[in-house]
Amino acid sequence: MTTKQIDYCIELAHTLNFSRAAENMFVSQPTLTYQIRLLEEEVGFTIFERSGKGAALTPAGAQFVSFLADMREENMPEVIVEEEPAEEETETETETETED
């Protein structure tokens with residue numbers, strides 16, 4: 001099982017549409033379908049039921065995708081986005097007078 005297959009599987013579970021999942025993952029639909037099929041062969045059960053209207057998770061597939069999503073979340077480094085401090089207002093005029 002590759003990380004790409006995991007990502008494809010999670011995306012397909014979200015969209016339940018092979019074409020849309022492939023588009024979201026920037027791959028062709030046949031590539032996504034092939035990788036999902038390889039993943040199903042490796043795990044030994046059907047993850048998605050295919051139909052003319054798209055895909056649906058099997059009960060085993062739903063548990064598997066939940067496991068994959070949890071595993072992916074635990075192993076992905078957290079990206080912390082810090083807000084930049086507000087820029088201080090600058091004075092447009094400066095005092096240049098000196099006392100004599």
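Predicted model: local features only at pLDDT ≥ 70, side-chain atom pairs only at ≥ 80, totals over all residues.

Reader: At what angle do helix α1 and helix α4 pack, and how far apart are their axes?
Author: Helix α1 (residues 3–15) packs against helix α4 (residues 59–75) at an angle of about 120°, and their axes are 10 Å apart. Axes here are lines fitted to C-alpha atoms, for helices over the stretch in contact, and angles run from 0 to 180 degrees between N-to-C directions. Helices (H or I, at least four residues) and strands (E, at least two) are DSSP runs, numbered from the N terminus.

Reader: Thanks! Which residues meet between α1 and α4?
Author: From α1 there are Thr3, Ile6, Asp7, Cys9, Ile10 and Ala13, and they meet Val65, Leu68, Ala69, Met71 and Arg72 of α4. Contact means heavy atoms within 4.5 Å. By class, this contact of α1 with α4 has eight nonpolar, one polar and two charged residues. Ala, Val, Leu, Ile, Met, Phe, Trp, Tyr, Cys and Pro count as nonpolar, Asp, Glu, Lys and Arg as charged, and the others, Gly among them, as polar.

Reader: Switching to electrostatics, how many salt bridges does a search of the whole structure find?
Author: The search finds two, where a salt bridge is a side-chain nitrogen of Lys or Arg within 4 Å of a carboxyl oxygen of Asp or Glu. In one of them, the side chains of Arg72 and Asp7 meet at 2.8 Å, N to O. Arg72 is in helix α4 and Asp7 in helix α1, so this pair ties together parts that are 65 residues apart in sequence.

Reader: And which side chains meet at 2.9 Å?
Author: Those of Glu40 and Arg50, again N to O in a salt bridge. Glu40 sits in helix α3 (residues 29–43) and Arg50 in strand β1 (residues 48–51), ten residues apart.

Reader: Is Glu40 buried or exposed?
Author: Glu40 is buried, at a relative accessible area of 10%, while Arg50 is partly exposed at 33%. Buried means under 20% relative accessible area, exposed over 50%, partly exposed in between (1.4 Å probe, protein chains only).

Note on methods: Residues numbered from 1 in each chain as written. Heavy atoms only, no water.
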